[in-house]
Amino acid sequence: MTATAPWDERYEAVLTDLLPRLAEELPLTADRELRTAGLDSMATVELLVRLEEAYRIAIPDDALDRDAFGTAGSLWAVVAAQLDPARR
């Protein structure tokens, strides 16, 4: 976890790599809207793949809705729900 957010540096790195506008706003906040940072349908798919690979998880389809990709915090909640407690 970072000092200002509930997620780790890996999560922030995945987001800022795919959405460079976010890197200009560090530290990233949980309420930062991802769509206004450039997340479109193609980037959503790429982000999902990168997160699943980075954390070695599979996010179930029923957890993936528009709200899940709304903010950095809402997406982290989806990722964190798939992590073993020891990896959080």
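1. Arg50 counts as partly exposed, at 25% relative accessibility; buried means under 20% relative accessible area, exposed over 50%, and partly exposed in between (1.4 Å probe, protein chains only). Arg50 forms a salt bridge with Asp17, the closest N and O atoms being 2.6 Å apart. The term salt bridge stands for a side-chain nitrogen of Lys or Arg within 4 Å of a carboxyl oxygen of Asp or Glu. Arg50 lies in helix α3 and Asp17 in helix α1, so the pair ties together parts that are 33 residues apart in sequence. Asp17 is exposed, with a relative accessible area of 53%. A network of salt bridges links Asp17, Glu46 and Arg50.

2. On the source: this is a predicted model, in which local features need pLDDT of at least 70 and side-chain atom pairs count only at pLDDT 80 or more, while totals for chains, interfaces and linings use all residues. Residues are numbered from 1 along each chain as its sequence is written, and side-chain values use heavy atoms, with hydrogens and water left out.

3. The structure holds four salt bridges. One of them joins the side chains of Asp8 and Arg10 (3.5 Å, N to O). Asp8 is buried, with a relative accessible area of 17%, whereas Arg10 is partly exposed at 37% relative accessibility. In another, the side chains of Arg32 and Glu25 meet at 2.5 Å, N to O. Arg32 counts as buried at 15% relative accessibility, and Glu25 as partly exposed at 36%.

4. The protein chain has four helices and zero strands; helices (H or I, at least four residues) and strands (E, at least two) are DSSP runs, numbered from the N terminus. Of the 88 residues of the chain, 41% count as buried. Residues 24 or more positions apart account for 54% of the contacts with a separation of 6 or more, a contact being heavy atoms within 4.5 Å. The accessible surface comes to about 5200 Å², of which 52% belongs to carbon and sulfur atoms; accessible areas come from the Shrake-Rupley method with a 1.4 Å probe, and for residues only the protein chains shown count as cover.

5. The largest nonpolar core has 27 residues, and those with the most contacts inside it are Tyr11 and Leu47. Such a core is a set of buried Ala, Val, Leu, Ile, Met, Phe, Trp, Tyr and Cys residues joined through side-chain atoms within 4.5 Å. Two or more residues come from each of α1 (9-18), α3 (41-55) and α4 (72-82). The largest share, six residues, comes from α4. The buried residues of α4, including Leu75, Trp76 and Val79, pack against α1 and α3. Leu47 touches Val14, Leu15, Leu18, Leu39, Phe69 and Leu75, not counting residues up to four places away in sequence.

6. There are three aromatic pairs. Rings of Phe, Tyr and Trp (its six-membered ring) pair if their centres lie within 6.5 Å; planes under 30 degrees apart count as stacked, over 60 as edge-to-face and the rest as tilted. Trp7 and Tyr11 form a tilted pair, 5.2 Å centre to centre with 50° between the planes, and both are buried. Trp7, Tyr11, Tyr55 and Trp76 form one aromatic cluster.

7. Two backbone points remain. The peptide bond from Leu26 to Pro27 is cis, with omega near 5°, and Pro27 lies in the loop between α2 (20-23) and α3. Arg56 has a positive phi of about 55° although it is not a glycine. Arg56 is found in the loop between α3 and α4 and counts as exposed at 74% relative accessibility.
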